[in-house]
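This report describes the overall fold of a protein chain and then the surroundings of one residue.

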Amino acid sequence: MTVTHIETHLAAGGEQRKYRHFSKVLNCEMVFSLFLPSAFQEKAVPLIWWLSGLTCTDDNFSQKGGFQKAASEHNVAIAIPDTSPRGENVPDDESYDLGQGASFYLNAVKTPWSEHYQMYTYLTEELPSIVHELIPDFSGKESIMGHSMGGHGALMIGLKQSKRFESISAFAPILTPTAVPWGEKAFSAYLGIEKSAWNEWDSTHLIQQAEIVPPIFITQGTADNFYDVQLVETDFLKAAENKDITYRSVEGYDHSYFTIATFINEHIAFHANHFASR
């Protein structure tokens with residue numbers, strides 16, 4: 001597979017890189033970003049995956065997330081995929097919460113989406129095989145985190161592949177997508193109207209069924225304008241009783257990257273601590 005290095009920017013002593021490749025899984029060209037910490041040539045490096053939210057690309061977090069200094073200090077690499085397949089031949093929708101930029105990180109089964117929207121397989125099989133090779137001394141340890149739709153993706157993938165990840169974290173995640181407007185719209189389009197087929201992509205259902213649950217850390221702003229309708233935590237936390245979960249509300253913070261940049265150091269430290277403990 002040909003992987004093209006598009007650009008590199010120095011940041012906090014490390015390298016913020018961007019790549020392009022053709023994805024056989026998604027049947028289109030894809031881009032992704034990768035941050036390598038300052039000591040990546042000298043030490044074994046663990047990897048944290050970041051999944052972004054609706055309408056975002058990999059650039060949003062790499063340019064607004066403010067994570068590079070903490071990533072270098074903790075010697076962790078950060079991989080940032082795009083949020084969906086892209087291109088003229090890839091199905092899209094006029095609304096912001098369906099189609100390109102709104103994959104919900106699942107594998108679609110309904111037309112016209114199924115030919116390209118196989119993001120779960122892309123993120124769990126194809127892209128890791130590329131990213132792992134780009135880290136000179138990859139330690140083999142991984143964690144996953146994300147924001148909003150990407151918080152849903154991080155929790156869903158982390159719970160479905162719980163033996164792979166040391167820890168999971170999220171900012172303002174969609175915790176029960178099968179019961180909120182964003183999830184109902186996307187799941188109906190990608191998966192069909194039979195709701196029993198939705199459960200395997202719903203973190204509340206997954207955590208209730210899971211035998212192994214990595215440690216989870218969630219940050220939710222109290223001034224988040226999507227909270228009351230899209231991001232309510234009640235059902236998830238009830239399903240996750242007796243699991244290692246920290247759910248923290250932060251007073252006055254909203255749904256934006258200002259919130260992410262404020263608290264990202266805590267999330268990276270959380271993952272670094274779990275890399276060190278095993």
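## Basis and burial

A residue counts as buried under 20% relative accessible area, as exposed over 50%, and as partly exposed in between, with a 1.4 Å probe and protein chains only. By this criterion, 59% of the 278 residues of the protein chain are buried.

The model is predicted: local features need pLDDT of at least 70, side-chain atom pairs count only at pLDDT 80 or more, and totals for chains, interfaces and linings use all residues. Residues are numbered from 1 along each chain as its sequence is written, and side-chain values use heavy atoms, with hydrogens and water left out.

## Overall dimensions and fold

The protein chain contains 9 helices and 9 strands, assigned as DSSP runs (H or I, at least four residues, for helices; E, at least two, for strands) and numbered from the N terminus. Its C-alpha atoms occupy a box of roughly 50 × 45 × 35 Å along the principal axes.

Leu123 lies in helix α3, which covers residues 119–134. Leu123 counts as buried because its relative accessibility is 5%.

Beyond neighbours within four places in sequence, Leu123 is in contact (heavy atoms within 4.5 Å) with Leu51, Pro81, Tyr105, Pro128, Ile157 and Arg164. The C-alpha atoms of Leu123 and Ala108 are 14 Å apart, with the two residues 15 residues apart along the chain.
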